[in-house]
Amino acid sequence: MGCKNMIFLVLVATLITKEALAIQHVVGGSQGWDPSSDFDTWSSGQTFKVGDQLVFKYSSMHSVVELGDENSYKKCDITTPLNSLSTGKDVVKLDKPGTRYFTCGTLGHCSQGMKVKINIVKGSGSSSSASSPSSSSSSSSSSSSSPTSTDASSASQCFVALVFIVTLSFVTMISLFN
Ligand SMILES: [Cu+2]
């Protein structure tokens, strides 16, 4: 029982760690979502991975409009936006690989350079193979052996499972930093 609790705790800790490592990119850096920011320079210095988030911080004279394609982005055509945001502190989750285009909805701001193109790459740590070794039925082996040896073998099984899970979470953490 103590073994199962321990494994559960380690798994929960791994999930929390992974969630905490999802990076938030504040668009434009310290200047934020503002015409004075150089968004091309900012975005070229970032790596956007699946699971990361964009944060748009701006004053009430701006907004965030997501565009559907490169052509609209180049022409600053905001007539058919995918999405519009205006809270002043918008969080956009990057849920899949690909390119996304954002600009400001205020007239003239796009052509003044208030737009950004985000290339999202596949995070290497997104292998969602939940292979939990739930082989608790293996303890019902041949009862010919003495009770003490059965305890010892289940204890070593517990240890092996723990080592396996710790290694797995370690590998996951390392792959998140790649
Ligand atoms: Cu604007």
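I take helices (H or I, at least four residues) and strands (E, at least two) as DSSP runs, numbered from the N terminus. The model I examined is predicted: local features need pLDDT of at least 70, side-chain atom pairs count only at pLDDT 80 or more, and totals for chains, interfaces and linings use all residues. Residues are numbered from 1 along each chain as its sequence is written, and side-chain values use heavy atoms, with hydrogens and water left out.

**Entry 1: Glu66**

I located Glu66 in strand β4. I then looked up its exposure, where buried means under 20% relative accessible area, exposed over 50%, and partly exposed in between (1.4 Å probe, protein chains only). Glu66 counts as buried because its relative accessible area is 8%. I found its side chain joined to that of Arg100 by a polar contact of 2.8 Å. A polar contact is a pair of N or O atoms within 3.5 Å; within protein, one must be able to donate a hydrogen and the other to accept it, and residues adjacent in sequence count only if both atoms are side-chain atoms. I also listed the contacts (heavy atoms within 4.5 Å). Apart from neighbours within four places in sequence, Glu66 touches Pro81, Leu82, Asn83, Arg100, Tyr101 and Phe102.

**Entry 2: the copper ion**

I searched for donors, namely N, O and S atoms within 2.8 Å of the metal (3.2 Å for Na, K and Ca); water is not among the atoms, so sites may look incomplete. His62 (ND1), Cys104 (SG), His109 (ND1) and Met114 (SD) coordinate the copper ion at 2.0 to 2.7 Å. Along the chain, these donors follow the spacing H-x41-C-x4-H-x4-M. His62, in the loop between β3 (53–57) and β4 (64–67), and Cys104, in the loop between β7 (98–103) and β8 (115–121), are 42 residues apart and link distant parts of the chain. I noted both His62 and Cys104 as buried, with Cys104 at 1% relative accessibility. The angles among the four donor atoms are 93 to 127 degrees, and the site is tetrahedral; four donors qualify if all angles lie between 85 and 135 degrees.

**Entry 3: the disulfide**

The link of Cys76 and Cys110 is left-handed, at -80 degrees about the S-S bond. Cys76 lies in the loop between α3 (70–75) and β5 (83–85) and Cys110 in the loop between β7 and β8, so the pair ties together parts 34 residues apart in sequence. Cys76 is partly exposed at 22% relative accessible area, whereas Cys110 is buried at 7%.

Technical notes
Four donors count as tetrahedral if all angles lie between 85 and 135 degrees; four count as square planar and six as octahedral if opposite donors are over 155 degrees apart and all others between 65 and 115; anything else is irregular. A disulfide is a pair of cysteine sulfur atoms within 2.5 Å.
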